[in-house]
Amino acid sequence: MKYLSEFRDPVIARKILDRLHRVTTREWVIMEVCGGQTHSIIKHGIDQVIPAGIRLVHGPGCPVCVTPLEMIDQALAIAARPEVIFCSFGDMLRVPGSRKDLFTVKSEGGDVRIVYSPLEAVKIARANPEREVVFFAVGFETTAPANAMAVYQAKREGLTNFSLLVSHVTVPGALRALLTSPSNQVQAYLSAGHVNTVMGYHEYEPIAEEYQVPIVVTGFEPVDILEGILEAVTMLEQGEYGVRNRYARSVRRDGNTRSQEIIHRVFDLTDRKWRGMGTIPQSGYVLRPEYRAYDASVKFAVGEITARESDRCISGLVLQGLKRPNQCPAFGTECSPETPLGATMVSSEGACAAYYRYQRFTEREPYA
Amino acid sequence: MSHDLLDKFFLPRFENDILGELGDQARLNIDGARLAFSTDSFVVDPIFFPGGNIGDLAVNGTVNDLAVGGAVPLYLSAGFIIEEGFPMEDLHRILLSMEQTMHRAGVMVVTGDTKVVNKGSADKIFINTTGIGRLPEEVDLSPAHIRPGDKVLLSGSIGDHGIAILSGREGFALENPVQTDSAPLHGLVQTLLEGAPGQIRVMRDPTRGGVATSLNEFAQAANKAIRIDGKTLPVQPAVESACEILGLDPLYVANEGKLLAIVAPESADAVLALMRGHEYGKEAAIIGEVLDEETARVSLRTGLGAETIIDMLPGEQLPRIC
């Protein structure tokens with residue numbers, strides 16, 4: 001697929017890198033918001049080849065990582081019930097709750113299934129009317145339209161044995177929270193191109209104005225990310241702020257309005273707790289009152305379950321960009337993908353897992 | 001995880017020198033005859049997938065485990081565990097493709113067993129195959145022979161089988177389904193061994209865990225660092241985009257008809273030409289080399305010129321959320 005290879009082309013990447021080295025005159029701190037971008041940066045070694053003065057910090061945009069511990073515990077409690085078929089995206093299965101993970105529940109006899117789409121879970125509900133089918137609706141605005149569609153369809157068909165355990169988060173609220181934090185060091189943001197594809201970027205314009213920061217809508221391939229960094233550094237060097245779109249092959253200012261319609265039909269914005277960051281106002285979705293019968297936390301009365309985080313895990317600081325994974329004393333010793341202390345070590349998009357997998361032995365190399 | 005099980009439970013109980021080599025096949029010497037011996041169980045789900053099914057996989061899998069040690073596969077056993085109520089037409093389809101694959105590979109099933117178990121005690125059908133092959137006198141392949149400067153050769157594109165399996169699963173439809181690469185490799189292996197005698201250090205068919213896992217196994221067994229070049233890795237575009245969608249790395253996705261070989265540097269080009277001349281090696285490439293470092297580590301030079309680690313995975317790759 002030329003579409004993909006073009007954005008991995010080392011010759012094009014090298015040209016952007018050369019420009020980046022020419023325009024950079026001082027140190028800058030830039031956050032890539034999305035875990036997919038973090039993964040790509042570490043996997044391709046982008047952090048090793050950009051000018052040494054540009055520090056990339058990794059943002060909270062990894063849905064698995066920011067899902068609060070008690071939500072995992074609620075999922076475990078529901079999944080262990082004999083009448084339940086618990087459906088989830090694959091990477092939630094290894095995330096440790098307080099005592100176990102979904103894989104363990106599965107091995108203990110729970111009916112836990114990996115699905116690739118929430119609509120598949122609706123299909124399972126249709127085929128198993130005597131069972132309760134629950135889908136773990138985790139993710140940012142990117143996965144929200146399909147999850148909304150699943151509930152919408154289930155209601156229209158009159159399916160009563162389908163529900164969602166909703167742990168949806170949204171980016172703008174988190175961006176505001178990061179920007180207002182007194183310890184914030186980030187000077188520019190690479191916004192998550194997939195989220196912008198759905199939601200557009202008009203929501204980010206008032207944020208960029210208010211906090212006077214550059215926000216660059218950025219894709220996920222090496223060339224995309226380098227273009228995003230180049231745009232952000234150019235704006236910083238010239239003292240400009242605002243929102244710029246460097247992922248125009250996928251993102252329009254208004255986004256995908258049909259997807260937004262289905263989201264708003266099914267979900268309301270709400271305050272949400274983020275793992276490692278606490279409760280952030282207006283930063284997540286909850287099912288609207290008319291869809292309450294499809295809310296698994298109500299249906300199975302697990303809303304009261306609470307949990308305490310490991311005090312040895314610094315993922316909260318990592319998610320806010322205040323610490324890098326390899327600055328954690330537990331990194332690679334006590335905490336590894338086989339025995340993760342926190343979610344950032346579990347998901348392939350978690351910053352800790354990305355560091356562990358691709359750069360655990362790598363020293364920073366000078367640009368040649 | 002399964003490495004842990006092996007080390008903690010199985011090896012201490014079954015300990016002996018032959019098992020201790022931990023190759024894809026056991027090497028036996030019976031009254032002067034050198035034999036290779038290997039077994040594998042097949043529990044793939046779905047049992048039918050684009051380009052193949054559990055039957056041809058069961059034949060090719062064991063044939064290849066023998067072949068990569070340099071053996072000429074001769075005889076197979078086949079054991080079937082079948083769930084009550086399994087459709088006869090499906091069984092027939094599976095056996096037909098086993099028959100065809102046996103002919104193609106030049107092996108015979110000479111003993112077998114069938115058990116039918118209660119519904120729910122097995123998932124449709126499980127097949128075990130065990131094979132015996134003749135190991136030519138002069139062939140001695142082992143990761144212990146790996147030397148700094150050796151080249152890493154790969155017979156073709158990576159990840160085809162794993163993606164074919166995924167696309168065969170319910171609810172995951174690719175527009176252009178990728179076909180499995182399932183194929184018997186002993187013909188290709190014999191071509192290389194005869195065409196470049198003494199030049200091949202070790203070979204493997206990178207099945208579960210993909211090329212990344214096999215390379216790590218080489219690196220650990222030889223205590224050498226191996227570096228591959230991302231630009232030279234053959235990946236089909238359809239596999240690359242499916243991996244992109246699912247958040248998988250093709251380096252870790254299973255193959256069933258690919259050969260990974262470590263070759264003496266002076267013969268690398270000649271072996272590459274031999275591979276490319278064979279029907280199962282047309283897209284072969286030199287993908288990396290063994291470094292002069294006594295560290296068991298595999299790294300990748302990315303297109304940007306950065307260097308990253310290619311690690312063993314703690315478990316199966318899990319598709320990501322977004």
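Gln212(A) sits in the loop that links helix 12 (205-211) to strand 8 (214-218) of chain A. Its phi is near 50 degrees, a positive value in a residue other than glycine. Most residues other than glycine have a negative phi, and most peptide bonds are trans. Is Gln212(A) buried or exposed? Gln212(A) is exposed, because 11 other C-beta atoms lie within 10 Å, and a residue counts as exposed at 12 or fewer.

This is a predicted model. Chain A has an average pLDDT of 91, and 96% of the residues score at least 70. One stretch needs care: residues 363-368 of chain A have a pLDDT below 50. Beyond near neighbours in sequence, that stretch makes six contacts in the model. Where pLDDT is low, the predicted coordinates should not be read in detail.

**Backbone exceptions**

Chain B also has a positive phi at a residue that is not a glycine: Leu22(B), at about 55 degrees. Leu22(B) lies in the loop between helix 2 (17-20) and strand 1 (26-30) of chain B. Leu22(B) counts as exposed, because it has 11 C-beta neighbours inside 10 Å. Chain B holds a cis peptide bond as well, from Asp45(B) to Pro46(B). Its omega is near 5 degrees. Pro46(B) belongs to the loop between strand 2 (33-42) and strand 3 (48-49) of chain B.

**The open sheet of chain A**

Which strands make up the open sheet of chain A, and in what order? Five strands form it, in the order 2-1-7-8-9, and the pairing is parallel. Strand 2 (54-61) and strand 9 (242-245) of chain A stand at the edges. Each has a single partner strand, so one side of each is left without a neighbour in the sheet. On average, neighbouring strands of this sheet are turned by 25 degrees against each other, direction ignored.

Helix 3 (residues 35-44) of chain A packs on this sheet. The helix touches strand 1 (28-34), strand 2, strand 7 and strand 8 of chain A. Its direction makes about 120 degrees with that of strand 1 of chain A.

**Strand pairs**

Strands of a sheet pair through backbone hydrogen bonds, either parallel or antiparallel.

Some residue partners can be named. In chain A, Tyr189(A) stands opposite Ile215(A) of strand 8. In chain B, Leu153(B) has Ile286(B) of strand 12 as its bridge partner. Ile226(B) faces Val290(B), also in strand 12 of chain B.

**Nonpolar cores**

In soluble globular proteins, nonpolar side chains tend to be buried together. Here the largest nonpolar core has 122 residues. Which residues have the most contacts inside it? They are Ile30(A) and Ile229(A). Helix 13 (residues 222-237) of chain A gives the most to this core, with nine residues.

Ile229(A) touches Leu20(A), Ile30(A), Ile50(A) and Ile54(A), leaving aside residues up to four places away in sequence.

Technical notes. Residues are numbered from 1 along each chain as its sequence is written. Chains are lettered from A and ligands numbered from 1 in the order in which they are written. This is a predicted model: local features need pLDDT of at least 70, side-chain atom pairs count only at pLDDT 80 or more; totals for chains, interfaces and linings use all residues. pLDDT is the predictor's confidence in each residue, from 0 to 100. Two residues are in contact if their C-beta atoms, placed from the backbone, lie within 7 Å. Two strands pair if DSSP finds at least two bridges between them. Helices (H or I, at least four residues) and strands (E, at least two) are DSSP runs, numbered from the N terminus. A nonpolar core is a set of buried Ala, Val, Leu, Ile, Met, Phe, Trp, Tyr and Cys residues joined through C-beta atoms within 7 Å. A residue is buried if 20 or more other C-beta atoms lie within 10 Å of its own, exposed if 12 or fewer, and partly exposed in between; C-beta atoms are placed from the backbone. Axes are lines fitted to C-alpha atoms, for helices over the stretch in contact, and angles run from 0 to 180 degrees between N-to-C directions.
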